[in-house]
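Trainee: Could we go through this model together before I write up my notes? I would like to start with the charged side chains.
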Amino acid sequence: MSKQRVVTDSMIGLKMPDSQRITRRVATVLGQNPSPFTGPGTNTWIVGTSKRPILLDTGQGVAIYADLLENALKELVGATELERIVLTHAHIDHLGGVRQVTERFGEMEVLKMPWEGHDAPAGEISAIGHGAVVHTEGATLRAVHTPGHARDHLCYYLEEERALFTGDVVLGAGTTVIPDDTGDLSDYMDSLRRLLELDLETIYPAHGPVIRNPKEKIGEYIAHRELRERQVIEALKGSAPLEAMAIVKKIYVDVPEYLHPAAASSVRSHLRKLEREGRVTEHEKRWSLN
Ligand SMILES: [Zn+2]
């Protein structure tokens with residue numbers, strides 16, 4: 001009997017080109033910030049068909065990126081200017097490059113959903129929210145609020161291609177981290193289910209390769225979290241109360257040890273969700289089933 005694959009592809013060792021034209025209205029430039037958490041680095045996206053396109057996400061501010069972006073604009077788009085910057089969320093590997101980009105290409109409007117205390121590295125922003133439409137020549141982007149990974153997270157639906165820029169909500173390989181302090185797993189699951197309702201052909205993720213089977217991928221993401229939840233409950237069954245890291249050691253057997261602290265953050269997110277549902281209790285950082 002064949003078993004459904006549940007997001008096992010890892011981003012470790014994954015290589016991506018520095019820049020690439022994908023369609024006539026979408027090209028990508030890699031943020032040059034590879035790490036265990038960003039995989040090959042952040043994908044930044046040049047969107048639109050004019051000589052003044054939009055830049056969607058800016059990477060982390062790595063010095064060499066500005067030259068790469070300038071070259072990609074020249075060679076892939078024939079452009080020397082940007083119209084404005086659109087951001088998915090406030091994590092530093094997405095907005096950390098804003099100042100570098102505006103220093104190179106001049107001041108421009110920066111659009112994002114505000115998140116108090118997190119937006120300063122982007123300078124002054126123009127606030128947008130769910131349903132906002134950002135228009136440029138050849139491309140119409142509609143913002144979809146998708147909290148969970150981060151509360152300010154916007155995905156952008158590219159109407160002309162039935163494509164979705166998913167930021168960190170759905171990645172090209174592996175899974176995303178739900179931080180236990182600033183994330184929310186219930187919101188995240190709800191966001192994934194709402195994305196399933198969109199008419200989608202393509203996903204342009206912030207990390208890893210373009211996704212051509214979006215419904216299947218989002219379904220896998222939902223199944224993966226449901227599996228982890230069952231595993232967390234299973235780990236606590238008949239056990240003395242456990243710390244989150246002890247649960248990680250039991251169930252993240254396929255994940256390298258240097259990623260265990262991030263896994264513990266996701267496990268704590270599962271535990272907080274189960275706690276809200278009245279299914280587990282915390283006592284001195286140890287968790288048990290009710
Ligand atoms: Zn993020």
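Trainee: E229 and K273, are they buried or exposed?
Mentor: In this predicted model, E229 and K273 are both buried, where buried stands for under 20% relative accessible area, exposed for over 50%, and partly exposed for anything in between, with a 1.4 Å probe and protein chains only. Residues are numbered from 1 along each chain as its sequence is written, local features need pLDDT of at least 70 and side-chain atom pairs count only at pLDDT 80 or more, while totals for chains, interfaces and linings use all residues, and side-chain values use heavy atoms, with hydrogens and water left out.

Trainee: What do E229 and K273 form?
Mentor: They form a salt bridge, with 2.7 Å between the closest N and O atoms; the term requires a side-chain nitrogen of Lys or Arg within 4 Å of a carboxyl oxygen of Asp or Glu. E229 belongs to helix α5 (residues 214-236) and K273 to helix α7 (residues 260-276), so the pair ties together parts that are 44 residues apart in sequence. Through salt bridges with shared partners, E229, K273, E277 and R279 are joined into one network.

Trainee: And how many salt bridges does the structure hold?
Mentor: It holds 25. One of them pairs D199 with R162, the closest N and O atoms being 3.6 Å apart. D199 sits in the loop between α4 (185-196) and β12 (202-205), and R162 in the loop between β10 (154-158) and β11 (163-167), so this pair ties together parts that are 37 residues apart in sequence.

Trainee: Which side chain does R162 meet at 2.4 Å, N to O?
Mentor: That is E201, again in a salt bridge, and this pair links distant parts of the chain, 39 residues apart, with E201 in the loop between α4 and β12. R162 is partly exposed at 35% relative accessibility, E201 is partly exposed at 41%, and D199 is partly exposed with a relative accessible area of 45%.

Trainee: Changing topic, how many helices and strands are in the chain?
Mentor: There are 7 helices and 14 strands, taken as DSSP runs numbered from the N terminus, with H or I over at least four residues for helices and E over at least two for strands.

Trainee: What share of the residues is buried?
Mentor: Buried residues account for 52% of the 290 in the chain. Along its principal axes, the C-alpha trace spans about 65 × 45 × 35 Å.
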